[in-house]
Amino acid sequence: MRAGPGSVTIYHVAERAGVSISTVSLVVNAPHRVKPATRERVVAAATELGYRMTAGRRVGAIRVAVAAPFTAYPSYLRRLAGMLARARTAAVDVIPYDLASAASAPSPLLDALPVRTDVTGLVLMGVPLGGAARRASRAARIPVVHVDVVPREHASLDGPVVLVDDREGGAQIGAHLAARGHRRFCFVHDVQRSPAYVSAGMLRAQGLGEHGEVIGFPVTTADDVAAAVRRAAAQGCTAIVAGHDRLAAAVLAVTRSDPALHALAVVGYDDGDLAQALDLTTVRQPLEETGRTGLELLLGIVSSGRQSAEMVRLRPELIVRGSSSAPIMGKSM
C-alpha cells in the first residue's frame with residue numbers, strides 16, 4: 001500500500017527493504033558500493049511506498065540525472081555543456097554522475113544505476129545499461145535516453161538513442177588519406193577489454209577500412225603509444241589515425257621528436273582547441289548538439305508521458321589541417 005504524500009521517510013524504505021538507513025543512503029548517493037540484489041530491493045521498496053527525495057529541489061523543476069565517463073573523456077564534458085545550455089532555458093536541474101570508461105571495464109554494462117528515486121529521467125552517455133540497471137529504471141518508472149551508446153545487432157535499448165555516425169567519420173578519414181596516396185593505416189586506440197558492446201572505435205575502424213588496410217594498435221600508456229608509432233612505421237603504415245585527439249597529441253609528440261617519423265600523417269577525432277593548437281587533422285563531432293538533443297528527447301517523453309524508441313544520427317565533419325595535408329612523396333593527388 002502506498003503511503004500518503006510526505007508521510008514516508010528513509011526509515012520506512014529501510015524497513016520495507018530489510019536494510020539499514022545507511023544502505024538506503026548509499027543506494028541513492030553511491031550505488032556502485034551496494035550489491036545489485038540489494039539495490040534492486042531498495043529501489044522496489046521506495047517505488048512501492050511512493051518515496052521521493054525532495055530536499056533542495058526547486059519548485060516545479062524537472063530533475064535529470066546524467067551519467068557518463070566525464071573524467072575519462074573530455075568529449076563527454078562538452079556533451080554535458082550542450083545539455084546545460086538547454087537546461088538554462090527551462091526549469092531543469094541536471095545532476096551529473098561520473099562513471100568509469102566502458103573501454104577499461106571487463107564487463108562494461110552498467111548495473112549500478114546512478115538514479116535517485118526523485119529524478120524525472122536519466123541521460124546515459126557512453127556506457128550501456130546492464131540487466132539489473134534496466135530493471136531498476138523500469139521499476140522506478142524512470143525514462144532513459146542513450147547518447148553515444150550503440151545497440152548491438154538484433155538488440156534494442158530502452159528509450160531513444162542519439163549517435164554521431166562514427167563509421168561515416170572513419171570513412172571520411174580513409175577517403176582523405178587515400179586521396180593523398182596512403183594505403184595502410186595504423187589505428188591507435190584505447191584498449192577495449194570487453195567485446196560485449198559496440199564501441200565508437202570499432203565503427204571508426206570499419207569506416208577507415210573501406211579505403212585501405214587497417215592495423216590496430218590498442219594502447220594504455222604513453223610508452224605504448226611510442227611503441228605503436230614505431231611498430232606502425234616498421235610495418236609500412238604511412239598514416240596513423242588516433243581514436244581521439246588526446247591520443248593523437250601523444251602520437252604527434254613521438255613523430256615530431258624523431259626525424260625518421262616526420263613523414264607519417266596523423267589524424268585525430270573530436271576536434272577542439274587542442275586539435276587547432278596542434279594543427280591536427282581531425283573529425284569534428286557535434287558534441288554539444290548530441291547533449292542538447294538527448295535532453296530534448298527526454299523532455300519530450302516527460303511532457304507527453306509516452307516512451308519513444310527514436311534514433312537520432314548526426315553527421316561528423318572532417319577538418320583538414322597540416323598534420324595530414326601533404327601527399328606521400330612521389331604520389332600525385
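Predicted model: local features only at pLDDT ≥ 70, side-chain atom pairs only at ≥ 80, totals over all residues.

Trainee: Okay, what's the strand order in the open sheet of four strands?

Mentor: The order is S7-S6-S8-S9, and the pairing is parallel. At the edges sit strand S7 (213-219) and strand S9 (265-267), each of which pairs on one side only.

Trainee: And how much are neighbouring strands of this sheet turned against each other?

Mentor: On average by 20 degrees, with direction ignored.

Trainee: Which residue stands opposite Ala 265 in S9?

Mentor: That's Ala 239. Strand S8 (residues 239-242) pairs with S9 in the parallel sense, over three bridges.

Trainee: Which strands does helix H7 touch as it packs on the sheet?

Mentor: Helix H7 (residues 200-208) touches strand S6 (184-190), S7 and S8, and its direction makes about 175 degrees with that of S6. Then there's helix H8 (residues 222-234), which lies across S6, S7 and S8 and runs at about 160 degrees to S7.

Trainee: I clicked on Ala 228. Which helix is that in?

Mentor: Ala 228 belongs to helix H8.

Trainee: Buried or exposed?

Mentor: Ala 228 is buried, since its relative accessible area is 2%, and the cut-off for buried is under 20%.

Trainee: What is Ala 228 in contact with, leaving aside neighbours within four places in sequence?

Mentor: Val 188, Phe 217 and Val 219.

Trainee: Switching topic, how many residues of strand S3 are buried?

Mentor: Five of the five residues in S3 (residues 121-125) are buried.

Trainee: Which ones are on which side?

Mentor: Gly 121, Val 123 and Met 125 are on one side, with Leu 122 and Leu 124 on the other, and both faces are covered. As background, side chains in a regular strand alternate between the two faces of the sheet.

Trainee: What about pairing for S3 and strand S1?

Mentor: Strand S1 (residues 62-68) pairs with S3 in the parallel sense over four bridges, and Ala 67 stands opposite Leu 124 in S3. S3 also pairs with strand S4 (residues 144-147), again parallel and over four bridges. There, Leu 124 stands opposite His 146 in S4.

Trainee: Now helices. At what angle do H4 and H11 pack?

Mentor: Helix H4 (residues 74-87) and helix H11 (residues 287-304) pack at about 50 degrees, and their axes are 7 Å apart. That angle makes H4 oblique to H11. The crossing, as H4 passes H11, is right-handed.

Trainee: Which residues meet there?

Mentor: From H4, they include Arg 78, Arg 79 and Met 83, and from H11, Glu 288, Arg 292 and Leu 295 are among them. By class, this contact of H4 with H11 has five nonpolar, four polar and six charged residues.

Trainee: And how far apart are the axes of H6 and H7?

Mentor: Helix H6 (residues 166-179) and H7 have axes 6 Å apart, at an angle of about 40 degrees. So H6 and H7 are oblique to each other, and their crossing is right-handed.

Trainee: Which residues of H6 meet H7?

Mentor: Asp 166, Arg 167, Gly 170, Ala 171, Ile 173 and Gly 174 in H6, and their partners in H7 include Leu 203 and Arg 204.

Key:
Residues numbered from 1 in each chain as written. Heavy atoms only, no water. Axes fitted to C-alpha atoms, helices over the stretch in contact; angles between N-to-C directions. Helix = DSSP H or I, 4+ residues; strand = E, 2+ residues; numbered from the N terminus. Parallel < 35°, antiparallel > 145°, perpendicular 65-115°, else oblique. Left-handed = near helix turned anticlockwise from the far one by under 90°. Contact = heavy atoms within 4.5 Å. Nonpolar A, V, L, I, M, F, W, Y, C, P; charged D, E, K, R; others polar. Pairing = 2+ DSSP bridges. Buried < 20%, exposed > 50% of the residue type's maximum accessible area, 1.4 Å probe, protein only.
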